[in-house]
Amino acid sequence: MSKEPVAVVGIGQTRHVAARRDVSLAGLVREAARRALDDAELTWHAIDAVVIGKAPDFFEGVMMPELYLADALGAAGKPMLRVHTAGSVGGSTALVAADLVAARVHRTVLTLAFEKQSESNAMWGLSLPVPFQQPLLAGAGGFFAPHVRAYMRRTGAPATVGSLVAYKDRRNALKNPYAHLHEHDITLEKVQASPMLWDPVRYSETCPSSDGACAMVLTDRAGARRAPKPAAWMHGGAMRSEPTLFAGKDFVSPQAGKDCAAAVYRQAGITDPRREIDAVEMYVPFSWYEPMWLENLGFAAPGEGWKLTESGVTELDGDLPVNPSGGVLSANPIGASGMIRFAEAALQVRGQAGEHQVPGARRALGHAYGGGSQFFSMWLVGAEPPAT
Amino acid sequence: MSATPGPATERREVAVVAFAQSDHARDTAEVSEAELLLPVLQDALGQAGLRAGEIDFTCSGSSDYLAGRAFSFTMALDSVGAWPPIAESHVETDGAWALYEAWVKLLTGAAETALVYAYGKSSSGAVRDVLTRQLDPYYLAPLWPDSVSLAALQAQALIDAGDTDEAALAGIAARARTDAAENPHARHSGPVPPGDYVVRPLRTADCPPVTDGAAAVVLAAGDTARRLCDRPAWIRGMDHRIEAHALGVRDLTDSPSTRLAAERAGAFGQPVDTAELHAPFTAQEVVLRKALRLDDRVRINPSGGALAANPMMATGLIRIGEAAEAVRRGASRRALAHATSGPCLQQNLVAVLEGDPR
């Protein structure tokens, strides 16, 4: 049997900001969904099913909000599926939607992910007491900082690399109208002078807390033929998980991340990702994760990731641009962040990324991870349909 | 709405090859979710003769709000044995939808086998209060209307419409608990008195027992299913549909989403002989029977259903498991399984299962 090829024909995002006080949860998701439909020049009528994702329900204080959001997403009378795989959920949600098309269960699927962190308090949403487990380590930064230090010690990376990533991503965000942070006066010196939060992670090397949503319309070959704009074609997609805590876990380069990337490359026929992939939207909530994931995803040999970053290869005009959109460092509506990476990769190969377009991008990788480097989801999209 | 492409016969064959569930209890404070799950997962995998590492895809269903903490499902993964890394996903709802996601994964051809599991410990909190958080957060949830009160609205609407009466509801309750006597996993079994009113017109016996529990299913495709199991329960069709959230815009005496899901699952093509319905309240069985066109010849909930044990987030998956078991032991030729989510049957899933002809 053969799978139906999956095409991205519509993409919509909200402008990501600290607090969208002007819209409800329903208003927020509907805004992104409408923009995706408009991009595809489709009406609600064309949508066969809705697949929605977000990070923990405690972040907004609504249990299973997809039930209440069914009306806002035109889902009444349709199948609606809710995915939750921690921080990787935006990516996983898109992959579940893609499977519906690939399996020929549905022809055209709306997929959407969101977080409206201003409705509640994400820090408290994560800080519920759990017996017999270690308590939260002063937020996500507290959990990840020791692993960054392990990376620096293991590779000998100079202390300046993290600030280079933050400086790059925040400059890229200036070209992306949807990014939360638009720091017009950003300089490398300002990043390096920002307060130390969790050594070695500084304030300006940390993602913001955002409200926002991202939606995509996925469809089959026939749907792509009718689409008014170029489609992005899915060439590979995978999810992998490993436990958060266990003896022998490599927090610097988790096996699940390597396996997930390898599965995607195998499906897409990629043998040399560094040469064959034109743009990467990578989940980098703390700046040092760019060099770390460059190694984990096979773009650099172990210990060499920071050299790619330092040499400017990952700049918007470098030969492997990473996070042309400004990335998670510039907008982090948590549940949506993975889908934004997937959608931005698709925008690149559709040639629709506007000012942050990588010229001539033909193949792009979208990457997401969640939990304590526990869950990974990735897809590779191309400007051409897959060969099969 | 565009048509579902291709006739169902072109689809890959996928079957339930193993099913296991816990002995459901009022309170399992002495075990963690992972400890609750471990024996159930071992049982299901053992039936299929597989180890966790040999499964191509894993998907689970649960809810953080029942556990009372964020990311609660990540701890449950410890019971699966997630090393080396596995291909895994999770739905924040009943495990029936996790099974749906796994079924689609097998249909793509990307996996031959899938492990699906679900669990819920309703005892962790006051479940009637917790479920109010499912409602519209701006207008309805601040009023804290609880799940039993909403179900009572639905029951009263049915009585007012002449679709049932309190005596008929008591009959449903008695039948479910009597049938549950044959189910070693059930919480309530044997004849029970109707009890006092909880919220009129619903009495104690019309409501589901607060329950902790877990369940697991192994799915396999085509010849793999035949190899792993003497009599696979083939999933002939499966679909799910959602309705508007606000109770005021729905006719609570009907379930168009169930009817549509059943149509899309092919349930009406041939009669079924057995139906496992996820109806936590007696009156909801009345609604579902009508939507699914089930007459008196169909055996309804021989397991006792959700009235005998309601481990939330696993109850729907258990309906699919029980229907598959009926097919596998030859008690059913063609069985229907139904799962629900949300207040007053807002979201509904229907699966049709059959054995090979003998």
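Modeller: E31(A) and R20(A) pair through their side chains in a salt bridge of 2.7 Å, N to O, the term meaning a side-chain nitrogen of Lys or Arg within 4 Å of a carboxyl oxygen of Asp or Glu. The two residues are 11 apart and link distant parts of the chain, with E31(A) in helix 1 (residues 25–40) of chain A and R20(A) in the loop between strand 1 (7–13) and helix 1 of chain A. Helices (H or I, at least four residues) and strands (E, at least two) are DSSP runs, numbered from the N terminus. R20(A) is buried at 9% relative accessibility; buried means under 20% relative accessible area, exposed over 50%, and partly exposed in between (1.4 Å probe, protein chains only).

The model is predicted, so local features need pLDDT of at least 70 and side-chain atom pairs count only at pLDDT 80 or more, while totals for chains, interfaces and linings use all residues. Residues are numbered from 1 along each chain as its sequence is written, chains are lettered from A and ligands numbered from 1 in the order in which they are written, and side-chain values use heavy atoms, with hydrogens and water left out.

Another pair in chain A is D220(A) with R107(A), whose side chains meet in a salt bridge at 3.4 Å, N to O. Because D220(A) is in the loop between strand 7 (211–219) and helix 8 (221–226) of chain A, and R107(A) in the loop between helix 3 and strand 4 (108–116) of chain A, this pair ties together parts that are 113 residues apart in sequence. D220(A) is buried, at 7% relative accessibility, whereas R107(A) is partly exposed, at 32%. Side chains of opposite charge can pair when their charged atoms come close.

In chain B, the closest N and O atoms of the salt bridge between R203(B) and E166(B) are 3.9 Å apart. Here too distant parts of the chain are linked: R203(B) belongs to strand 6 (residues 202–203) of chain B and E166(B) to helix 7 (residues 166–179) of chain B, 37 residues apart. R203(B) has a relative accessible area of 26% and is partly exposed; E166(B), at 33%, is partly exposed. Shared partners join the salt bridges of R175(B), D179(B), E285(B), R289(B), D296(B) and R299(B) into one network. Over all chains, the structure holds 45 salt bridges.

Next, the meeting of the chains. Contact (heavy atoms within 4.5 Å) involves 56 residues of chain A and 60 residues of chain B. Between them about 5,200 Å² is buried, 64% of it given by carbon and sulfur atoms; buried area is the accessible area (1.4 Å probe) that two parts lose on being put together, summed over both. The rule finds one salt bridge across this interface, and the side chains of D99(A) and K105(B) meet in a salt bridge at 2.9 Å, N to O.

There are 17 residue pairs in polar contact between chain A and chain B, both at pLDDT 80 or more. On the side of chain A that touches chain B, at least two residues each come from helix 2, strand 3 (80–83), helix 3 (89–102), strand 8 (232–241) and helix 9 (255–268) of chain A. That side of chain A has 30 nonpolar, 12 polar and 14 charged residues. By this classing, Ala, Val, Leu, Ile, Met, Phe, Trp, Tyr, Cys and Pro are nonpolar, Asp, Glu, Lys and Arg charged, and the others, Gly among them, polar. A polar contact is a pair of N or O atoms within 3.5 Å; within protein, one must be able to donate a hydrogen and the other to accept it, and residues adjacent in sequence count only if both atoms are side-chain atoms.

Domain 1 of chain B gives 46 residues to the contact and domain 2 of chain B gives 40. The area buried between these two domains is about 3,400 Å², with 66% from carbon and sulfur atoms. In domain 1 of chain B, W97(B), T211(B) and W234(B) lose the most area to domain 2 of chain B, together 20% of what that side buries. Across this interface between the domains of chain B the rule finds zero salt bridges.
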